[in-house]
Amino acid sequence: MLYKSLHSLGNYLLLMRRTFTRPQRGRIFWQQFVREFYQLGFNSLFIVILMSFFIGALLCVQIKINIWSPWMPRFTIGYAMREVILLEFASSIICIILAGKVGSNIASEIGTMRVTQQIDALDVMGVNSANYILLPKIVAMVSAIPLLVTFSIAAGFVGAYVVCWAGGFLSMSDLTYGLQYSYDNWHLWSGYVKALVFAFIIASVSGYFGYTVQGGSIEVGRAGTNAVVVSSVLILFTDLLLTNLLMT
Amino acid sequence: MITITDIHKHFDRQEVLHGIGASFDAGKTNLIIGRSGSGKTVLLRCIVGLLTPDQGEVLYDGRDIHHLAGDEATRLRQEMGMLFQGAALFDSMDVLHNVLFPLEMFSSKTYREQLQRARFCLERVGLTGAEGKMPSELSGGMQKRAAIARAIALEPRYLFCDEPNSGLDPISSRIIDGLISDITHEYGITTIVNTHDMGSVRGIGEQVLFIHEGRAEWTGTGDTIEQTESPHLREFLDHV
């Protein structure tokens, strides 16, 4: 088990070394980047907004029902919701969701290229296949994540406003005051920093699982599952490390 | 000309190639034949550099592919074209862009000239009019022809074909064989074809290497193969 993990880590690092080299044709790299940005980033926008909207609304409802007491100021609901969204949800939880959506997509796409010999065809031509396939995906994912995190935060706040307005849980002014109360800009930036690292994990780990597929369609499916599981675990583990590093 | 010397390859504890040596002449269609599992594909992958042999050397006109690095390796690879068993067309691109791809990556020609070259290659394999089609919209034979067009786009000196007729009907197989043979003679390419199709052996086999259990058992031409005294080749011929 330990040997296998170390072997995989070594192979992953070797693959990253091949990936992070200068693209053979800059124009083709940018074409690929734009395509991947659209596929991995823009196409994830709807699910990110939808989930963030409902989680923002649900956080408000849950805090009101389970935590709030007459001894607490009313704006605490907005304050607690803001901290959860900024510190964890918009970065870590959204990235775990993206590991499921984007990670399996990357692993199965590259895995299919491997089993249908498209990667071999690139290698025989003299194309650095790791660089050609993986680099645009990693760069696109890392570039798209600040956008997704920003929309997630905004959608979470909108969800909170909507539920407070529609359900009468809290006045708009109390929620606004709570969202602004004791605001620390670093909480926002630390969320972005974490999300950038998580985006790299999602794209590179999923790419590794796809690139190293051996066999047929069953192995491609397995690579997709492994990519999601390993990316999610690594995101949680890195989250723990980064939170300690950035918040203390 | 490609020369291979004493090629050994094993996976885990199983030795697949036991010291194969041969030379493949330029301007000829060189066939590697043998039963499934005899080591043909492993040998071809060692020759094109997709696998590294445990021992032995593969020389492309004196250049050992396994000891080249950087620009020299890339330059040699640009002289190679390969037709894979499943065609291996890029399924995110249409036929024209599949053929354009190696030109866009490596050619110093203008885009207009690249486009002209890609269209010429498609015309050469009889695929005029299929430029805008996606690989999934093509029949097996058309996919193989598109893959040949892509393989010859950079005017290669070496052409490799892994089971070019697998999954094709006899008529399509002969069309593909004809194309491979014509292109080989037209451009003086060193062509190596992996096959177990006796139609190909008799039709285009100018030089044939028979492999049995990872060993080179017989070499000759498609015309002389029937007179073989090799028992394993005799058995192979009797069953196809």
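## Interface between chains B and A

Across the interface of chain B and chain A, two salt bridges are found in this predicted model. One of the salt bridges joins the side chains of B:E104 and A:R27, with a distance of 3.6 Å from N to O. Across the interface of chain B and chain A there are also six residue pairs in polar contact, with both residues of each pair at pLDDT 80 or more.

The contact draws on 24 residues of chain B and 17 residues of chain A, and the area buried between the two chains comes to about 1,800 Å², with carbon and sulfur atoms giving 60% of that area.

## The chain B side of the contact

Turning to the side of chain B that touches chain A, the elements that contribute two or more residues are α1 (40–48), α2, β6 and α3 (95–106) of chain B. The largest share of this side comes from α3(B), which supplies five residues. By class, the residues on the side of chain B that touches chain A comprise 13 nonpolar, six polar and five charged.

## The largest cavity

The largest cavity holds about 140 Å³ of space, and 13 residues line it, with A:M125, B:M80, B:G81, B:R150 and B:A151 lying nearest its centre. Both chains are represented among the elements that give two or more residues to this lining, namely α5 (118–125) of chain A and, from chain B, α2 (70–78), β6 (80–83) and α5 (140–152). The lining of the largest cavity is made up of nine nonpolar, two polar and two charged residues.

## The second largest cavity

The second largest cavity contains about 80 Å³ of space. Its lining consists of A:P23, A:Q24, A:R25, A:I28, A:F29, A:Q32, A:N131, A:Y132 and A:P136 from chain A, together with B:M105 from chain B. The elements that give two or more residues to the lining of the second largest cavity are α2 (26–41) and α6 (129–167), both of chain A. In terms of residue class, the lining of the second largest cavity has six nonpolar residues, three polar residues and one charged residue.

Terms used. Residues are numbered from 1 along each chain as its sequence is written. Chains are lettered from A and ligands numbered from 1 in the order in which they are written. This is a predicted model: local features need pLDDT of at least 70, side-chain atom pairs count only at pLDDT 80 or more; totals for chains, interfaces and linings use all residues. Side-chain values use heavy atoms; hydrogens and water are left out. On a 1 Å grid over the protein atoms alone, a cavity is a set of points where a 1.4 Å probe fits but cannot get out, and a pocket is an open set with protein on both sides within 12 Å along at least five of seven lines; lining residues have an atom within 4 Å of a point. Grid points are joined across faces, edges and corners, and a volume is the space filled by probe spheres set on the points. Helices (H or I, at least four residues) and strands (E, at least two) are DSSP runs, numbered from the N terminus. Ala, Val, Leu, Ile, Met, Phe, Trp, Tyr, Cys and Pro count as nonpolar, Asp, Glu, Lys and Arg as charged, and the others, Gly among them, as polar. Contact means heavy atoms within 4.5 Å. Buried area is the accessible area (1.4 Å probe) that two parts lose on being put together, summed over both. A salt bridge is a side-chain nitrogen of Lys or Arg within 4 Å of a carboxyl oxygen of Asp or Glu. A polar contact is a pair of N or O atoms within 3.5 Å; within protein, one must be able to donate a hydrogen and the other to accept it, and residues adjacent in sequence count only if both atoms are side-chain atoms.
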